[in-house]
Amino acid sequence: MSERYRLIDDIRGFALVNMILFHAIWDLVYLYGVEWSWFVGVPREIWQQAICWTFILVSGFCLSFSSQPLKHGVEVSLAGLAVTFVTLGFMPQACIIFGVLTCIGVCMLLLGVVRPFLERLQGVAGWMALLFLVLFLFTRGLIDGYVGFGKWLTITVNPSFYKNLFTTFLGMPMPGFYSADYFPLIPWLFLFACGYFLSLWLAKNNKLHIFRKSYCRALSWAGRHSLFIYLLHQPIIFVLLRPFFSVIIMKAIQRWVAFMRFGHDMKCATGIGYKLTQCLY
């Protein structure tokens, strides 16, 4: 590629900023006990899905521009594996197994291998993008035991398929499986492929030039360094929030002790509740 498509960097950077905010609020709610009712309902689900769809669709879109898709796939997959080991070791309550990096890396490898064949389908790229979008929507419920389109068509998947780590990786999680960031191959491979064929369709119709201009330098920079920022953002959030909440907790304890001592002094001075204060102190 002779010129970088900088609007794609803007879009990826925007998704990255949203992801950082999302994870910071997730930590506040689930690790530090902050009560934000809106974050455990539909608004959180919409926000999370918008971020996920953007990252994976853009990753597939960019595959057609990569000169070394297999190398990049290995790098991203190894980064995903590193995230798994680090979270298992240091944050087991929020461990990440088969997270978004692992998913994107494997998608790069699978489509990178067959890319020479896929490029021959550029003439029908628009239809292929639509086909993979439909497959993505059709299989989104696989992790919950079904495929289909909700009220119009629902097919229950045999529970015996949900049995081990391999089926979990494919999209059929085994009983008791937990991951704070779970992106199985199905359905996300289909969205990745949709992005890839979307880029081929735009190239065929000479529309890629609309992505050449950046509209925000900061977002463009973040988009170009998204992997590096992704790997660092959660540890940085955790390091920043932990001392902050430690200070809050210490101040709360100090206020409680001061209040109890004040109560003790008042009770001793008035002779009220002497036995109770003896038990407390």
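Here is a short walk through the structure shown above, from the whole chain down to a few single residues.

Let's begin with the overall plan. This is a predicted model, and its chain contains ten helices and two strands. Of the 281 residues in the chain, 42% are buried. Among contacts with a separation of 6 or more, 70% join residues 24 or more positions apart.

How far can you trust what you see? The mean pLDDT of the chain is 83, and 85% of the residues score at least 70. Confidence is highest in helix α5 (residues 125-139), at 96, and lowest in helix α10 (residues 274-280), at a mean of 32. Across residues 262-281 the pLDDT is below 50, though this stretch still has eleven contacts in the model beyond near neighbours in sequence. Where pLDDT is low, the predicted coordinates should not be read in detail.

Now find helix α4, which covers residues 100-118. Its 19 residues would reach 27 Å in a straight helix at 1.5 Å a residue, yet its end C-alpha atoms are only 24 Å apart. Look along this helix and you will come to a kink of about 40° at G112, shortly before the proline P116.

How many disulfides does the structure hold? The count is zero. Take C103 as an example: the closest cysteine sulfur to its own belongs to C107 and is 4.2 Å away, so the two are too far apart for a bond. A disulfide would need the sulfur atoms within 2.5 Å. C103 is also buried, with a relative accessible area of 4%. Another cysteine, C216, counts as partly exposed because its relative accessibility is 29%, and the range for that label lies between 20% and 50%.

Finally, let's visit a serine. Where does S66 sit? You will find S66 in the loop between α2 (42-63) and α3 (69-90). Is S66 buried or exposed? S66 counts as buried, because its relative accessibility is 14% and buried means under 20%. A polar atom of the S66 side chain lies 3.3 Å from the backbone nitrogen of Q68. Setting aside neighbours within four places in sequence, S66 is in contact with H72 and R115.

Methods
Residues numbered from 1 in each chain as written. Predicted model: local features only at pLDDT ≥ 70, side-chain atom pairs only at ≥ 80, totals over all residues. Heavy atoms only, no water. Helix = DSSP H or I, 4+ residues; strand = E, 2+ residues; numbered from the N terminus. Buried < 20%, exposed > 50% of the residue type's maximum accessible area, 1.4 Å probe, protein only. Polar contact = N/O pair within 3.5 Å; in protein donor to acceptor, adjacent residues only side chain to side chain. Contact = heavy atoms within 4.5 Å. Expected span 1.5 Å × (residues − 1). Bend = angle between axes of the 7 residues up to and from the residue. pLDDT = per-residue confidence, 0-100.
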